[in-house]
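Colleague: Could we take a close look at a single part together? I would like a connected account of it.

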2 protein chains.
Amino acid sequence: MPSQTPIGRKVTLNDIAAGCGVSRATVSLVLRDSPLVNKLTRVRVEEELRRQGYVYNRAAANLRRRTSTSIALVLNDLANPFFAEFAAGVDETLAAAGFVTLLGCTGESPAREQAVLGSLLEHGPAGIILSPAEHSKAHDVLAVVGRRVPLLLFNRELGGALPEFAHWDQLMLDNQHGARLATEHLIARGHRHIAFFGGHHDSSSCRQRHAGYVEAMHTAGLRTEPYWRIECAPTRLDAAHHAPALFAGALAPTAAVCYNDAVALGLVLGLNQRGLHPGRDFALTGFDDIAEAALGTPPLTTLSVAPRERGQQAAQLVLQRLQQPQAASHQTVAPVQLIVRESSCPPLTA
Amino acid sequence: MPSQTPIGRKVTLNDIAAGCGVSRATVSLVLRDSPLVNKLTRVRVEEELRRQGYVYNRAAANLRRRTSTSIALVLNDLANPFFAEFAAGVDETLAAAGFVTLLGCTGESPAREQAVLGSLLEHGPAGIILSPAEHSKAHDVLAVVGRRVPLLLFNRELGGALPEFAHWDQLMLDNQHGARLATEHLIARGHRHIAFFGGHHDSSSCRQRHAGYVEAMHTAGLRTEPYWRIECAPTRLDAAHHAPALFAGALAPTAAVCYNDAVALGLVLGLNQRGLHPGRDFALTGFDDIAEAALGTPPLTTLSVAPRERGQQAAQLVLQRLQQPQAASHQTVAPVQLIVRESSCPPLTA
DNA sequence: TCACCGGATTAGAACGATCCAAATGTAACT
DNA sequence: AGTTACATTTGGATCGTTCTAATCCGGTGA
């Protein structure tokens with residue numbers, strides 16, 4: 001049960017009305033600067049508003065008008081710079097449209113996601129932007145969110161079969177195309193033996209990126225060995241750990257397409273420990289273009305997803321949905337851009 | 001069981017009451033599980049709540065009870081990992097207490113800060129956590145926030161004389177002590193010519209850190225040359241740009257205490273471009289311990305401020321203030337911890 | 001019979017805004 | 001003077017909840 005926090009008595013429309021001898025309704029008209037009200041009284045009322053330090057009670061107005069001026073933003077991990085940038089973009093755009101952002105973090109826990117969504121819904125947001133926790137199920141999200149308030153899925157798909165009537169909007173990254181670009185870039189540099197490194201196969205984004213890698217390889221007429229697919233947790237540490245697995249197979253790769261930047265940076269560490277110089281002896285690419293990507297040694301070739309712009313886009317999509325609640329659901333795939341840096345060197349043998 | 005809510009009107013207490021033949025008041029009592037209500041009717045009502053897929057309207061309740069269950073979090077820069085972690089900590093603790101976070105970003109603009117604060121206040125937060133924009137003035141903040149809703153200042157002081165009746169709570173970092181620790185560490189390693197690099201003098205945190213540096217130098221009986229104080233914007237780029245200024249004076253420093261990690265990482269780049277190897281030819285320290293600090297080359301000696309814990313602490317302080325609105329204002333200074341890594345090497349000449 | 005009790009329930013007035021229909025005041029026209 | 005037109009203003013109901021002060025009811029004791 002949430003605690004009960006008394007707040008001091010506020011100045012209301014009645015106080016203003018009494019203060020300058022008009023009715024509450026007139027003051028309300030002034031606040032929404034209606035053309036109905038006489039210039040003279042408007043001035044008088046406005047002065048009184050200032051004098052008493054009135055602050056508008058939007059909750060009361062929203063109750064009466066059955067509207068809402070808030071949007072819930074539910075993120076799996078705000079501490080991740082990618083999502084932080086995204087959140088900044090969302091808030092920026094929402095604020096410009098007069099909306100306020102209700103923040104909620106789930107810490108990758110579907111259970112907390114349920115709780116957070118439930119709690120935020122009680123505040124009656126007009127819409128929801130959700131980047132689901134890993135293993136979050138469509139069915140559970142639908143059960144708590146219902147069909148009343150529009151939801152925009154960002155970044156990840158939900159597990160489980162999507163009930164056919166839950167036609168949520170989606171904003172996803174072009175994972176497959178991005179990985180394909182990275183792979184084609186390595187091929188163009190002369191690599192023939194290219195691994196796909198990191199991530200878990202039960203993550204939708206990882207599957208998509210892997211698919212892009214396979215697509216590029218096969219299009220180029222190159223083979224993909226099963227032992228060139230190394231799974232590990234999408235963290236630096238686990239990636240560093242799994243680096244040796246790259247060279248355990250019969251045919252050693254000369255390059256690797258990594259699931260994301262974190263994994264790529266971990267692989268850099270792991271290679272260094274083996275005495276290899278990534279960017280010279282071994283080529284690799286990342287995904288996300290996090291701030292550290294440009295600064296490591298070597299600077300990382302990666303795919304920029306422009307998280308702030310994605311945030312702005314997500315906010316736009318939700319606002320648009322509010323305008324047209326009945327329009328068909330919108331599936332958006334945001335483009336990604338290959339950023340070539342020094343980590344994607346040509347093979348030594350070339 | 002997915003909700004069977006018809007699209008259109010929201011389910012209210014009246015719907016539930018009508019649905020199971022009791023009064024609205026009784027349903028309300030059930031919701032707040034009051035001991036007054038009969039076990040049997042409670043069961044009936046609870047079933048009806050589930051059946052109709054009722055969601056609590058906290059805004060209406062808050063209006064009636066003149067309470068609030070939200071806290072505004074206003075940050076100068078959410079894209080900065082430091083503040084993102086902080087926000088995650090705040091949200092985590094607030095959520096656990098049944099509160100919801102209203103997010104607002106100001107992008108270091110005092111004008112937007114005014115607008116954001118004004119907008120958030122209309123939603124009636126019970127309290128505010130504010131990390132002010134640069135050059136934000138106490139007078140302006142007071143003008144828009146007023147004295148009704150408690151404010152916690154985080155991280156930065158406000159410019160201008162603080163009106164005596166605005167006794168806001170504060171949570172600051174121990175900037176001066178931190179910079180002193182870093183400087184003393186470099187001195188202990190054998191450095192005698194130490195610069196203070198980056199930041200602007202009109203930022204309170206920069207002044208404090210510089211003061212700590214001066215304090216340590218003078219305590220150790222060392223001189224500080226004026227040209228060892230190099231100002232630049234607290235960004236990587238500008239820092240890299242200003243690196244040559246370190247060696248423009250008569251006596252070149254062998255080490256630098258940097259304003260923060262971003263500046264330190266920029267300086268690393270700048271030194272590399274001059275053919276110097278930071279961590280071998282030149283020592284430096286940062287401040288903040290952002291994620292990248294541990295991973296650069298060299299790993300950065302820096303001061304850990306534990307932003308997530310600071311967020312939790314900030315939330316606690318606000319919640320505590322809500323319990324005791326009349327208590328004397330609380331000035332908290334959070335300790336910082338020196339993290340020694342490879343960037344703070346001994347001088348070559350030693 | 002009646003007053004009284006305690007547990008369970010409820011009608012109706014709030015909270016602070018908005019909406020609607022109706023009222024008011026003023027000037028202009030038959 | 002009476003009617004109309006127009007520009008302003010306003011009382012009262014309303015949004016979904018909670019609070020207060022009743023009310024209802026079966027059982028007791030006098």
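Which element supplies the largest share of the surface near DNA strand C?

Modeller: Happy to! This is a predicted model, in which local features need pLDDT of at least 70, side-chain atom pairs count only at pLDDT 80 or more, and totals for chains, interfaces and linings use all residues. Residues are numbered from 1 along each chain as its sequence is written, while chains are lettered from A and ligands numbered from 1 in the order in which they are written.

With five residues, H4(A) gives the largest share of the surface near DNA strand C. Here, "near" means that a residue's C-beta atom, placed from the backbone, lies within 6 Å of the strand. Helices are DSSP runs of H or I with at least four residues, and strands are E runs of at least two, numbered from the N terminus. At least two residues of this surface come from each of helix H2 (24–31) and helix H4 (58–65) of chain A, and likewise from each of helix H2 (24–31) and helix H4 (58–65) of chain B.

There are 27 residues around DNA strand C, and those coming nearest are Thr12(A), Leu13(A), Ser28(A), Ser23(B) and Arg64(B). By type, the surface holds 13 nonpolar, seven polar and seven charged residues; Ala, Val, Leu, Ile, Met, Phe, Trp, Tyr, Cys and Pro count as nonpolar, Asp, Glu, Lys and Arg as charged, and the others, Gly among them, as polar.

For the wider setting, an automatic or database domain assignment divides chain A into domain 1 (13–56), domain 2 (70–173 + 307–334) and domain 3 (175–305). Between the C-alpha centres of domain 1 of chain A and domain 2 of chain A there are 38 Å.
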